[in-house]
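Thanks for coming. Please have a look at it first.

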Amino acid sequence: MSRAARRVPLRRALSELPPYVPGARVPVGAAAFKLSSNENPFPPLPSVVAAVVDAAADLNRYPDMYATDLVEALAEHHGVRPDQVVAGCGSVAVLEHVLDAVCETGDEVVLPWRSFEAYPIAVRLAGAVPVPVPLAPGARLDLPAMAAAVTPRTRVVLVCTPNNPTGPAVHAAELDALLAAVPGDVLVVVDEAYVEFVRDPDAVDGLAVLAEHPNVVVLRTFSKAYGLAGLRVGYALARARLAAGVRAASTPFGVNALAQVAALASLRAGAEMRTRVEAVVAERARMLAGLREQGWDVPASEANFVWLPLGDGASAFAAAAGEAGVLVRPFAGDGVRVSVGEPEATDLLLGVTSRMRPPVPA
Ligand SMILES: *Cc1c(COP(=O)(O)O)cnc(C)c1O
């Protein structure tokens, strides 16, 4: 073959990647509520904006490579040591670094399905093989089945709590049983992206689990409750040896300068963040109650979204909601995820659902 006719091959793993479908964006000029990406409906706090504006004057400089001030503040916030905290460009990137730090090519990663769509992509890119385990009734993670899916080839188990996109949280007793069942050389990643919204008293507390088990990594983010999705900052909490491995696998300067100061300012504004989270939790209760009054069989949600198990009707429902001015996230053939946002958006959504007949429970 001539030199010019040769093409650079793409990695085989890429052809196996499921696409990551971002939530629909509001069309320019449209009066629409964006309930498709689990974002915080509140704009950034003035103190956070001020910190970002200040830091913008120094953008000719690289940021602190290890986000030292932020990492130290997080360590104090969570009662761990700074060497147990690794910050990254959103917790999705941190998850990729975790997988890169522990997975050899061909290792298996057990994950719930349906769950966060970034998981199978991150696993494939790490050269590992996703082993999806179907959800249990009630759209909950099936932890006994996940434990049973662990084989000598398993390196990681991903636990999403609350589960995106279905909403229920894993209970502490369920995770304890999984941790008792899996070998100590299997890493259990507890992704708590929505932990601030959890009100179920039986739910997992990742930090308590981390204190008891050396083979646990907890993932947290500033994207959801803290409302900094646009800046990209998340972090892992782990034992120091694992944390050092994740740090070694991380993109250098992965947390930009504005994200570092914004996350720090957000941590300091914890009381305001909690007030906003309470408002979202109250709105979630109103959305769930409204749906159930209409006869919808929706799972309890501990996050800032609600799951409508619409099966084949998912895409048509999303289109109807879009026409009514609410952008939601369909998962074709499975269901629709609706983020909890403005009360007006809830009212519009409940208008759409009242005009549709709820699916008959299977
Ligand atoms: C939104 C989300 C994240 C956070 O992603 P960032 O990269 O921090 O914005 C992580 N895990 C799950 C399950 C999520 O839904």
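Start at N164: one of its polar side-chain atoms is 2.7 Å from an oxygen atom of the ligand. Bear in mind that this is a predicted model, so please read the distances as computed values.

Next, D191. A polar atom in the side chain of D191 lies 2.7 Å from a ligand atom, and in this case the ligand atom is a nitrogen. Then there is R232, where an N or O atom of the side chain is 2.6 Å from an oxygen atom of the ligand.

How much of the ligand's accessible area does the protein cover? On its own the ligand has 390 Å² of accessible area, and the protein covers 94% of that.

On to the surroundings. There are 14 residues around the ligand, and those that come nearest are Y194, T221, S223, K224 and R232. By residue class, the shell around the ligand splits into 6 nonpolar, 5 polar and 3 charged.

Last, the overall division. Which stretches make up each domain? Domain 1 consists of 29-44 together with 271-354, and domain 2 runs over 46-268. Between their C-alpha centres the separation is 24 Å. Where the two domains meet, 21 residues of domain 1 are in contact with 24 residues of domain 2.

That's what I have. Questions are welcome.

Terms used:
Residues numbered from 1 in each chain as written. Predicted model: local features only at pLDDT ≥ 70, side-chain atom pairs only at ≥ 80, totals over all residues. Heavy atoms only, no water. Near = heavy atom within 4 Å. Polar contact = N/O pair within 3.5 Å; in protein donor to acceptor, adjacent residues only side chain to side chain. Areas by Shrake-Rupley, 256 points an atom, 1.4 Å probe, with all protein chains shown as cover. Nonpolar A, V, L, I, M, F, W, Y, C, P; charged D, E, K, R; others polar. Domains from an automatic or database assignment. Contact = heavy atoms within 4.5 Å.
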